[in-house]
Amino acid sequence: MPENTVQNLKNIELPISSGAMWMTLLILIIVFVIMYFVFSYHWKSVGIEENPKVFARPLFWIVSVLLIIVMTLSVAGFEYL
Amino acid sequence: MIIKLDNDEHVVFEVRKHWFTFTLEITLLAFLAILPFFIIAIIKILPFDFSISATGGNIFYFYIFSYFAWTSILWIFGFLFWTDYYLDTWIITTKKLIDVEQHGLFRREISIIQLDKIQDVKSEIRGIVPTIMNYGDIHVQSAGQQKEFLIHNVPKPDQIRQKLNEALSKYKMAYVIKEQSNNFENMNQNFSEQNNSQANLNQFANTNIDQNENNNQTQNFS
């Protein structure tokens with residue numbers, strides 16, 4: 001009789017290291033910075049009247065920084081708590 | 001700024017797609033943002049009793065990190081959609097219609113048509129949702145070989161068609177007045193040139209008469 005695979009699912013241990021999480025966070029920060037410059041270029045270069053960067057730029061930065069802070073704290077929590 | 005206007009030109013109005021089309025994209029992102037909670041809820045409902053742990057640390061923080069990493073990606077996509085929505089626009093100036101079509105971040109088409117080339121403007125609302133939300137398409141037919149200008153999902157298409165027609169009328173009126181004043185100036189110039197030439201002829205004639213009289217006097221004297 002083959003073993004019941006559901007019974008084997010009692011405890012799944014994922015091979016996660018804090019180093020991989022730090023690396024993921026770093027990649028995300030780089031992506032945020034690149035995307036910020038790409039968006040800024042577009043908002044600045046096209047359009048005539050309304051200027052979206054007035055609210056778009058701070059909104060993008062504030063939320064992005066908050067997300068990065070939460071991710072940093074969670075990686076720190078994963079590693080040290 | 002990519003689009004430059006002439007000194008005597010100004011923007012009459014700008015048209016963007018209806019906010020409802022952008023809201024659909026944002027709703028999709030919002031759904032994707034709460035999707036992990038649904039997945040967790042479904043796993044909890046399943047009749048399996050198992051736990052997940054991480055080798056390197058506390059799995060709870062890994063969940064938080066994963067969720068916010070996922071949210072970060074969605075956040076960037078949200079801005080991508082918004083930028084696409086914002087940059088996809090029609091700009092109607094006192095002289096021309098500029099169609100900026102943005103496809104993603106790295107492809108943009110800008111078409112310009114002079115207002116005097118526009119032959120026909122047509123608005124179209126098709127479907128239940130567009131009728132309720134009052135959005136639709138506007139077609140601008142131009143003279144010659146140029147393509148048809150088409151913008152999808154604009155709010156209040158009938159009003160925009162009307163405004164566009166008003167801008168066209170104003171442009172044509174200004175064009176006619178300018179043409180007439182040019183013609184008037186040309187007529188004035190021609191008239192003054194004719195006057196000058198007439199005066200020259202008169203002067204020439206007078207000079208000849210004087211000379212003839214002098215000659216006659218000289219002959220009589222001799």
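Tutor: First, a term: a residue counts as buried when its relative accessible area is under 20%, and as exposed when it is over 50%. Between those limits it is partly exposed. Keep in mind that this is a predicted model.

Student: How much of chain A counts as buried?
Tutor: Chain A has 81 residues, and 35% of them are buried. Its secondary structure is two helices and one strand. The order along the sequence is β-α-α.

Student: Is Val75(A) buried or exposed, and why?
Tutor: Apply the cut-off of under 20%. Val75(A) has a relative accessible area of 0%, so it is buried. Val75(A) sits in helix α2 of chain A, residues 53-80. For a distance along the chain, take Ser64(A), 11 residues from Val75(A): their C-alpha atoms are 16 Å apart.

Student: What volume does the largest pocket have, and which residues are closest to its centre?
Tutor: The largest pocket holds about 610 Å³ of space. Its lining has 18 residues, and Pro36(B), Ile40(B), Ile43(B), Ile52(B) and Tyr63(B) are the closest to the centre. Three elements of chain B each give two or more residues to this lining: α1 (19-45), β2 (51-54) and α2 (59-87). The largest share, seven residues, is from α2(B). By class, the lining has 14 nonpolar, two polar and two charged residues.

Student: What does the second largest pocket look like in the same terms?
Tutor: Its volume is about 360 Å³. There are 17 lining residues, with Thr94(B), Lys95(B), Tyr171(B), Ala174(B) and Tyr175(B) closest to the centre. Helix α4 of chain B, residues 157-221, supplies the largest share, 10 residues. The lining of the second largest pocket divides into six nonpolar, four polar and seven charged residues.

Student: Last, the surface. Which residues make the nonpolar patch?
Tutor: The patch covers about 820 Å² and is made by Phe31(B), Ile34(B), Phe37(B), Phe38(B), Ile39(B), Ile42(B), Ile43(B), Leu46(B) and Phe48(B). Ile43(B) was also among the residues closest to the centre of the largest pocket.

Student: Where is Leu46(B), and how accessible is it?
Tutor: Leu46(B) is in the loop between α1 and β2 of chain B. Its relative accessibility is 36%, so Leu46(B) counts as partly exposed.

How values were computed. Residues are numbered from 1 along each chain as its sequence is written. Chains are lettered from A and ligands numbered from 1 in the order in which they are written. This is a predicted model: local features need pLDDT of at least 70, side-chain atom pairs count only at pLDDT 80 or more; totals for chains, interfaces and linings use all residues. Side-chain values use heavy atoms; hydrogens and water are left out. On a 1 Å grid over the protein atoms alone, a cavity is a set of points where a 1.4 Å probe fits but cannot get out, and a pocket is an open set with protein on both sides within 12 Å along at least five of seven lines; lining residues have an atom within 4 Å of a point. Grid points are joined across faces, edges and corners, and a volume is the space filled by probe spheres set on the points. Helices (H or I, at least four residues) and strands (E, at least two) are DSSP runs, numbered from the N terminus. Ala, Val, Leu, Ile, Met, Phe, Trp, Tyr, Cys and Pro count as nonpolar, Asp, Glu, Lys and Arg as charged, and the others, Gly among them, as polar. Patches are made of residues with over 30% relative accessible area and no salt bridge: like charges are joined within 9 Å, nonpolar side chains (Val, Leu, Ile, Met, Phe, Trp, Tyr) within 5 Å. Accessible areas come from the Shrake-Rupley method with a 1.4 Å probe; for residues, only the protein chains shown count as cover. A salt bridge is a side-chain nitrogen of Lys or Arg within 4 Å of a carboxyl oxygen of Asp or Glu. Buried means under 20% relative accessible area, exposed over 50%, partly exposed in between (1.4 Å probe, protein chains only).
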